[in-house]
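Subject: Structure handover

Hello,

Here is the structure we talked about, with notes on what was found in it. Please read the notes with the model open beside them.

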Amino acid sequence: MKIAIIGAGKLGRKVADALLGGDHSLTVVDSNEHVLEKLVSQMDVMTVNANAKDTSVLKQIGVASHDYLLTCTGSDEQNILIASFAKKLGCPRVIASVRDPEHMNQIDFIKENMDIDYVVNSDLSIAIEIYRYLVEKYTLANGVFTSGKVALIEFFAWHIPELVDLPITNVGQILKDMLVVALSRNGKVIIPHGDTVIQKDDVLYVVGEKQDVLTLSDKVTDRQHKYNDIQKVMIMGGGKTGLYLARKLEDFGVAVKIIEKDLDRCHYLSSHLDNAMILNGDATDLNLLEEENFDAMDAVITSTGFDEDNLLLALTAKKRGIEDVIAKISRSSYSDLIETMGIDMALNPLDITASNILRYIQGSKRVISSMLVQGQAEIMEIIADDRMPLVNKKLSTLTLPAGVIIAAIHRGSEAIIPNGDTIIREGDRVMIIALLSEIKNIETLMRTKSKLHFGG
């Protein structure tokens with residue numbers, strides 16, 4: 001497919017890098033020449049140094065010949081306007097990044113009247129994932145996700161004591177005909193390998209035939225709960241993410257405190273939130289935290305504009321015994337730190353937003369369903385095409401990335417829990433679990449233009 005990306009910032013680069021894995025033809029437009037030079041040195045894309053608000057630029061790149069156009073500049077207004085121009089000039093599907101709450105309050109009106117097909121909002125997306133974790137406590141609505149004759153369940157390892165301290169290779173002795181496809185440990189979702197040893201507090205994600213999983217669910221359901229009794233939450237950082245999250249928590253009846261440095265922003269938050277307490281101060285000030293009964297919070301979310309501050313504040317909260325601590329982290333290079341810190345969850349807004357964009361671009365022809373696991377991994381079902389590199393080969397011969405696992409296969413009326421000898425055939429419905437950090441490799445897995453062996 002031909003795809004145009006307007007804006008070579010963090011999101012634009014992330015999406016471009018992932019799409020290249022799927023062998024798409026990309027054109028990236030940005031008004032910053034230096035940014036484009038850096039992009040070209042890293043990726044094989046066509047670049048145009050210009051302001052896409054000028055319709056002559058959109059005509060120059062042949063926008064009508066593109067299948068999709070994504071606008072992700074730093075300005076909502078530009079994104080909306082350029083996407084609308086592109087649609088009027090003949091681009092069949094346009095996507096706009098829109099983050100401002102004022103725009104989101106009337107987003108349906110904007111989409112309809114500006115003729116925009118799909119809107120992404122990184123701040124709202126991450127706020128929704130945090131809300132789901134805090135309020136529902138479990139990512140899956142009732143602990144079980146079903147698809148046809150296959151189901152996936154999540155539960156703490158200690159629900160079945162025999163699993164604790166067991167390597168993944170031996171799980172089949174306890175969970176017959178089932179597969180542990182992911183686990184969450186110390187705030188990080190992991191795709192396990194044969195030598196991974198299950199720990200007591202791990203959250204396990206197990207796939208099996210539907211009836212087997214429902215039987216397993218009966219053993220742990222009495223100890224699972226859908227809603228958490230969360231009452232008091234502190235949000236450190238009153239940016240867009242903090243605002244969206246506070247609104248959702250307010251609606252659920254949670255008492256929310258927001259600590260924000262900028263006084264003008266505090267006034268804005270006060271006028272846009274009904275019941276939240278807004279505190280003008282520095283969240284790194286321990287005296288302020290003591291005054292605001294920091295230790296009495298049920299949960300703390302760190303969502304300032306700086307990853308380093310978010311990690312430091314999250315670590316401080318966890319050391320003070322806060323039950324749920326969630327950090328917003330944009331740099332993937334910090335992912336290895338997170339597991340050692342023991343915080344409950346670290347979410348990357350770029351990964352979540354890029355995943356949303358890619359699923360929309362792929363449409364229902366290849367990806368027939370998808371859902372996020374703790375905002376860090378994705379369960380997806382794809383239709384196997386014989387031009388995909390994962391088809392007609394034993395799974396043991398595929399060099400899958402460490403963060404990807406083939407979880408289950410539907411073939412006609414048959415449900416298959418795969419092993420190394422399993423072969424995916426054309427037309428199979430394949431359930432894949434993948435870390436969001438592997439979105440480029442997932443695109444490569446689903447590439448249909450060539451029959452090259454995946455992973456070399």
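A search of the whole structure finds 19 salt bridges, a salt bridge being a side-chain nitrogen of Lys or Arg within 4 Å of a carboxyl oxygen of Asp or Glu. This is a predicted model, in which local features need pLDDT of at least 70 and side-chain atom pairs count only at pLDDT 80 or more, while totals for chains, interfaces and linings use all residues. Residues are numbered from 1 along each chain as its sequence is written, and side-chain values use heavy atoms, with hydrogens and water left out.

D115 sits in the loop between α6 (107-114) and β6, and K87 in helix α4, so the pair ties together parts that are 28 residues apart in sequence. Helices (H or I, at least four residues) and strands (E, at least two) are DSSP runs, numbered from the N terminus.

The sheet with β1

Six strands make an open sheet with parallel pairing, in the order β3-β2-β1-β4-β5-β6; two strands pair if DSSP finds at least two bridges between them. At the edges are β3 (46-49) and β6 (118-120), each of which pairs on one side only. From one strand to the next, the twist averages 15 degrees. Axes are lines fitted to C-alpha atoms, for helices over the stretch in contact, and angles run from 0 to 180 degrees between N-to-C directions.

Within this sheet, β1 (residues 2-6) and β4 (residues 68-71) pair in the parallel sense over four bridges. I3 stands opposite Y68 in β4. Helix α4 (residues 76-88) packs on the sheet and touches β1, β4 and β5 (93-97), its direction making about 175 degrees with that of β5. Contact here means heavy atoms within 4.5 Å. Helix α2 (residues 33-42) lies across β2 (25-30) and β3, and runs at about 170 degrees to β3.

The sheet with β12

Another open sheet has six strands in the order β14-β13-β12-β15-β16-β17, again with parallel pairing. Its edge strands are β14 (277-280) and β17 (345-347), each pairing on one side only. Neighbouring strands are turned by 15 degrees against each other on average, direction ignored.

Strands β15 (residues 299-302) and β16 (residues 324-328) pair in the parallel sense over four bridges, and T302 stands opposite A327 in β16. α9 packs on this sheet, touching β12 (232-236), β13 (255-260), β15 and β16, and its direction makes about 165 degrees with that of β13. Helix α12 (residues 307-319) lies across β12, β15 and β16 and runs at about 175 degrees to β16.

The α9 and α10 pair

The axes of α9 (residues 240-252) and α10 (residues 263-272) come within 11 Å and cross at roughly 25 degrees. The two helices are therefore roughly parallel to each other, a label given to angles under 35 degrees. K240, L243 and R247 of α9 make the contact with R265, Y268, L269 and H272 of α10.

Regards

Conventions. Angles under 35 degrees count as roughly parallel, over 145 as roughly antiparallel, 65 to 115 as roughly perpendicular and the rest as oblique.
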